[in-house]
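This report goes through selected local features of one protein chain.

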Amino acid sequence: MNRPIYMNNAWYAVAWSHELAREPLGRRICGYPIVLYRTADGTPAALEDLCCHRLLPLSLGRIEGDLLVCGYHGLTFDRSGQCVRIPSQGTPGRHVRVRSYPVVERHRLVWVWIGDPALADPAVVPDLHWHDDPEWTFVGDLLPMNCDYRLVADNLLDLTHETWVHQTSIGHALIPACPIETTSDGGSVTVSRWILDHEPAPFWRFLMKRVRGYEGRCDRWQIVKFVPPCNVVLHIGVAEAGSGAREGDMSKGIRAMQLNSITPATADSCWYFWSFNRNFLHEDEELSSTLLTTSRRIFGEDQVIIEAQQRAMRENPAAATININLDAGSVRMRQMIDARRAHEPGTSRAD
Ligand code: FES
Ligand SMILES: [Fe+2]
């Protein structure tokens, strides 16, 4: 049996809030088919996306008030998954139901809990508060990826790859020469790197000029924090070289919070929710548009690499790989997921 690759008892981002309307939305999460919809008062609901009659995905049905009606023969379910109507038949028994999932809407995202419902504590939804903090302005998107979700986290936990994958935007020849520091506690893994006193990469040069009118040398930071089940919070930015950013004074620079939630769909596909949040030029719509376009292009460059990596892994299952120093964050991330998973009862359907 393959080793399970993801935790069950965790909140997974399943959709952006704006994706969820009065239409059912089907999305596979950790191997489970899930249908999401909003009840009449806007509350999100999450049910198994399989009608218990003949397995038509309920996402092909329609919403009536707070109820979801199967699009084949009209069995109708409430948000707890209980069937409340079978056409041409009396009241359905308690056993006529589909599974429902705990669901929470927070930080512009809808989260579901696929494990034991008794453990679904909304207090432990990952902290992505920058998404709805008025001090920060959001752009973001969803990128479906054909790869093991951990490969996306690997990519984010070692930003050295920017030098080779993102040469025209955020890559810089100095990045590989600047050491990383990797730390972890019981709940997160953090990889930090400072690139001091350099001519900034094109993306950052553009932003420093636009925001601060500054065109000189910069200090740059990349502080990358992994939080299970698979969220990666990047605090990134640049400041005028030697202005004290590393010592804590970032006032002569610009900061961004680049937030990533990577949710397994199956063992080799995932949903990549990403955002770029800035605390400057909030009203600048043209800048928002530029940041959205540039970020999409950068993540598209990652997608080409990671999906090719996944194909090579699938086609060469016996091929050996090595770890290098730069993999420290990735190794600890995988250890953390494995340790959490090992303490869970049961296994997921896709294991
Ligand atoms: S398959 Fe859903 S009502 Fe028949
Ligand atoms: Fe990248």
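## Lining of the cavities

By class, 10 nonpolar, six polar and three charged residues make up the lining of the largest cavity. The model is a predicted one. The space in this largest cavity comes to about 220 Å³. It is lined by 19 residues, of which Glu162, Ile170, Ile236, Gln258 and Ile298 are the closest to its centre. Two or more lining residues come from each of H1, helix H3 (202–212), S14, strand S15 (231–240) and helix H4 (285–315). The most is given by H4, with four residues.

How many cavities of 30 Å³ or more are there? The count is two. The second largest cavity holds about 40 Å³ of space. Its lining is made up of Leu157, Leu159, Ile180, Val191, Ser192, Arg193, Gln222 and Val224. S13 and S14 are the elements that give two or more residues to this lining, and the largest share, three residues, comes from S13. By class, the lining of the second largest cavity has five nonpolar residues, two polar and one charged.

## Helix H5 and its covered face

Helix H5 runs over residues 328–342, which makes 15 residues. From the first C-alpha to the last, H5 reaches 21 Å, close to the 21 Å expected at 1.5 Å a residue. Which residues of H5 are buried? They are Gly329, Ser330, Met333, Met336, Ile337 and Arg341. Seen down the axis of H5, these buried residues fall within an arc of 125°, so they line one face of the helix. An α-helix has 3.6 residues a turn, so residues three or four places apart point the same way.

The cover over the buried residues of H5 includes helix H1 (149–157), strand S12 (180–185), strand S13 (188–198) and strand S14 (218–227).

## Helix H1

Helix H1 is mostly covered, with nine of its nine residues buried. The buried residues of H1 are Tyr149, Arg150, Leu151, Val152, Ala153, Asp154, Asn155, Leu156 and Leu157. One of them, Leu157, is also among the residues that line the second largest cavity. H1 is included in what covers the buried residues of H5.

Gly26 sits in strand S2 (residues 25–29). Is this residue buried or partly exposed? Gly26 has a relative accessible area of 37%, so it is partly exposed. Apart from neighbours within four places in sequence, the contacts of Gly26 are Ile34, Val35, Asp49 and Ser59. Phe280 is 254 residues away from Gly26 along the chain, and 36 Å separate the C-alpha atoms of the two.

Ser243 belongs to the loop between S15 and strand S16 (253–266). Its relative accessibility is 19%, so Ser243 counts as buried; the cut-off for buried is under 20%. Neighbours within four places in sequence aside, Ser243 is in contact with Asp219, Asp249 and Lys252. Between Ser243 and Ala40 there are 53 Å from C-alpha to C-alpha, and the two are 203 residues apart in sequence.

## Backbone geometry in the loops

Pro228 and Pro229 are joined by a cis peptide bond, with omega at about 0°. Pro229 is in the loop between S14 and S15.

Positive phi values are the next point. In Arg108, which is not a glycine, phi is positive and near 70°. Arg108 lies in the loop that runs between strand S9 (103–106) and strand S10 (109–113). With 37% relative accessibility, Arg108 counts as partly exposed. Leu281 is not a glycine either, yet its phi is positive at about 45°. The loop between strand S17 (269–278) and H4 holds Leu281. This residue, Leu281, counts as partly exposed at 32% relative accessibility.

How values were computed. Residues are numbered from 1 along each chain as its sequence is written. Chains are lettered from A and ligands numbered from 1 in the order in which they are written. This is a predicted model: local features need pLDDT of at least 70, side-chain atom pairs count only at pLDDT 80 or more; totals for chains, interfaces and linings use all residues. Side-chain values use heavy atoms; hydrogens and water are left out. The expected span of a helix is 1.5 Å times one less than its number of residues. Buried means under 20% relative accessible area, exposed over 50%, partly exposed in between (1.4 Å probe, protein chains only). The arc is that of the directions from the helix axis to the C-beta atoms. Contact means heavy atoms within 4.5 Å. On a 1 Å grid over the protein atoms alone, a cavity is a set of points where a 1.4 Å probe fits but cannot get out, and a pocket is an open set with protein on both sides within 12 Å along at least five of seven lines; lining residues have an atom within 4 Å of a point. Grid points are joined across faces, edges and corners, and a volume is the space filled by probe spheres set on the points. Ala, Val, Leu, Ile, Met, Phe, Trp, Tyr, Cys and Pro count as nonpolar, Asp, Glu, Lys and Arg as charged, and the others, Gly among them, as polar.
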